[in-house]
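The following exercises concern the contacts within and between the chains of a predicted model. Each task is followed by a worked solution.

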Protein chains: 2
Amino acid sequence: MTGFVSFVSSGPGDPELLTVRAVKRLAVARAVLFDDLSSGPILSLANPEADLVGVGKRAGRASPRQDHVSRLLVDYARQGQHVVRLKSGDAGLFGRLEEEITALRAAGIGFEIIPGVPSPCAAAAAANIPLTRRLTARRVQFLTGADVSGGLPEALNIDALADAQATTVVFMGRRTFCDLAGRLAAAGLPADTPALMAEGVSTADQRIWRGTVGGLARKLAAEAPGELPALILYGPLADEGDDE
Amino acid sequence: MTGFVSFVSSGPGDPELLTVRAVKRLAVARAVLFDDLSSGPILSLANPEADLVGVGKRAGRASPRQDHVSRLLVDYARQGQHVVRLKSGDAGLFGRLEEEITALRAAGIGFEIIPGVPSPCAAAAAANIPLTRRLTARRVQFLTGADVSGGLPEALNIDALADAQATTVVFMGRRTFCDLAGRLAAAGLPADTPALMAEGVSTADQRIWRGTVGGLARKLAAEAPGELPALILYGPLADEGDDE
């Protein structure tokens with residue numbers, strides 16, 4: 001009697017941005033393990049009889065150890081249950097799936113990954129801009145602004161990130177953006193490169209700030225860190241669209 | 001009497017990978033303008049009374065001119081209708097939204113962009129791999145392998161693309177990959193870098209080939225171009241996962 005784990009991408013936050021398949025899996029799961037960012041109204045879609053288990057590890061807060069999450073997943077599945085592991089955005093993007101997958105493989109438990117709407121796609125849509133544009137923004141890249149220590153990851157490819165012809169999206173980059181902006185400037189990215197910061201994308205708290213890379217670095221240096229999850233997007237498209 | 005246009009991302013092909021909001025918009029639209037890649041079973045979700053208008057421009061085929069598509073969008077909206085412009089994957093990624101948005105703005109017609117599941121997220125999920133991994137794959141980048149002429153785009157940032165510590169996904173890259181692989185090798189990317197090619201992702205025809213960048217270039221040089229849309233993914237994660 002072995003269960004099964006569905007890694008379900010919950011999208012940026014709005015329940016209407018879940019996929020049809022994600023809704024179906026939530027409706028039948030017997031246990032749902034969720035992060036902070038995939039909680040809220042999305043959990044109301046879960047099977048009313050499911051165990052709902054918060055395993056959040058939001059940046060900067062004390063959080064359950066990863067091996068504890070993996071053990072919970074394996075324990076629920078060994079009871080023969082269908083387990084949903086809910087991950088915000090798209091599960092494959094900075095979701096740290098690898099440790100949980102390794103634990104499931106070691107335990108001989110089957111799994112599937114259900115892709116979802118990444119937060120950069122939702123942020124760009126909310127700002128009424130595409131992420132790419134013929135001739136001027138032909139490459140798009142995503143990186144995380146924080147490693148496990150909370151600092152900027154080591155060994156960044158700064159030349160790739162300083163390319164003014166790409167759209168770059170930094171996940172969890174609010175606390176480290178001043179540092180990153182300094183390194184981008186040193187590598188030649190103009191300080192007046194358009195930038196936007198999107199907080200609480202697709203939720204009632206959504207806010208979109210527009211300016212430049214240099215202006216955003218100054219703003220973030222001057223203010224207390226916000227509580228909402230924030231994405232930073234810079235590149236040739238960030239000053240287009242509007243909030244119509 | 002002015003209508004409204006919803007740019008709706010249709011995801012990689014499987015109707016269950018549409019978002020809940022996309023399904024809602026299709027159900028009420030009075031006109032649906034669709035590309036080749038977002039046709040098939042997804043169109044059966046459309047309002048039965050909607051006009052379904054194919055405006056495909058699949059790589060390598062004759063296709064309607066872009067200004068014709070924009071004119072159709074404006075014409076339908078001016079009749080006071082709710083128009084869905086369906087785009088495969090996520091509409092903001094290589095969907096060439098900008099020309100249609102410009103036309104709508106010029107005509108004073110409101111619009112929204114509904115984000116969706118990008119094909120790289122669906123391809124990675126189908127291959128049971130994440131797109132990023134702590135320490136070894138901290139940056140992910142997407143590019144198109146074909147510009148309007150069908151050739152490799154000019155002014156590629158080859159150093160960024162030859163970074164063995166990133167996951168790179170090439171859209172519409174089948175015909176140009178031999179050329180790209182040669183340039184990556186010259187920039188220092190090892191020919192044995194893991195690679196996978198995913199065709200017909202999330203459809204009944206899905207096929208995933210696994211090998212190396214060098215091996216894929218040889219395979220594509222030796223065979224007739226396939227008919228299915230193909231994504232090429234290379235980087236440290238491409239040889240993980242399996243087809244369990």
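**Exercise 1. Domains of chain A**

Which domains does the domain assignment of chain A give? Describe the contact between them.

*Solution.* 

Step 1. The assignment divides chain A into domain 1 (4-114) and domain 2 (119-234).

Step 2. Taken over C-alpha atoms, the centres of domain 1 of chain A and domain 2 of chain A are separated by 27 Å. To the contact, domain 1 of chain A contributes 12 residues and domain 2 of chain A contributes 15 residues.

Step 3. Between these two domains of chain A about 940 Å² is buried, and carbon and sulfur atoms give 67% of that area. The side of domain 1 of chain A that touches domain 2 of chain A consists of six nonpolar, two polar and four charged residues.

**Exercise 2. Extent of the interface between chains A and B**

How many residues of chain A are in contact with chain B, and what area is buried between the two chains?

*Solution.* 

Step 1. The contact involves 57 residues of chain A and 57 residues of chain B.

Step 2. The buried area between chain A and chain B is about 4500 Å², with 56% given by carbon and sulfur atoms.

Step 3. Of the area that chain A buries against chain B, 15% is supplied by A:E16, A:R134 and A:R138, more than by any other three residues.

**Exercise 3. Polar terms between the chains**

How many salt bridges are counted between chain A and chain B? Name one of them and give the count of polar contacts.

*Solution.* 

Step 1. Eight salt bridges are counted between chain A and chain B.

Step 2. One salt bridge joins the side chains of B:E99 and A:R134, at 3.8 Å from N to O. This distance lies within the 4 Å cut-off for a salt bridge.

Step 3. Across the interface of chain A and chain B, 26 residue pairs are in polar contact.

**Exercise 4. Elements at the chain interface**

Which element gives the largest share of the side of chain A that touches chain B? State how this element pairs with chain B.

*Solution.* 

Step 1. Elements of chain A that each supply at least two residues to this side include α1 (20-28), α3 (97-107) and β6 (139-144).

Step 2. The largest share, six residues, comes from β6(A).

Step 3. By class, the side of chain A that touches chain B has 29 nonpolar, 10 polar and 18 charged residues.

Step 4. β6(A) pairs with strand β6 (residues 139-144) of chain B in the antiparallel sense, over five bridges. In this pairing, A:R139 stands opposite B:L143 in β6(B).

Terms used: Residues are numbered from 1 along each chain as its sequence is written. Chains are lettered from A and ligands numbered from 1 in the order in which they are written. This is a predicted model: local features need pLDDT of at least 70, side-chain atom pairs count only at pLDDT 80 or more; totals for chains, interfaces and linings use all residues. Side-chain values use heavy atoms; hydrogens and water are left out. Domain bounds come from an automatic or database domain assignment. Contact means heavy atoms within 4.5 Å. Buried area is the accessible area (1.4 Å probe) that two parts lose on being put together, summed over both. Ala, Val, Leu, Ile, Met, Phe, Trp, Tyr, Cys and Pro count as nonpolar, Asp, Glu, Lys and Arg as charged, and the others, Gly among them, as polar. A polar contact is a pair of N or O atoms within 3.5 Å; within protein, one must be able to donate a hydrogen and the other to accept it, and residues adjacent in sequence count only if both atoms are side-chain atoms. Helices (H or I, at least four residues) and strands (E, at least two) are DSSP runs, numbered from the N terminus. Two strands pair if DSSP finds at least two bridges between them.
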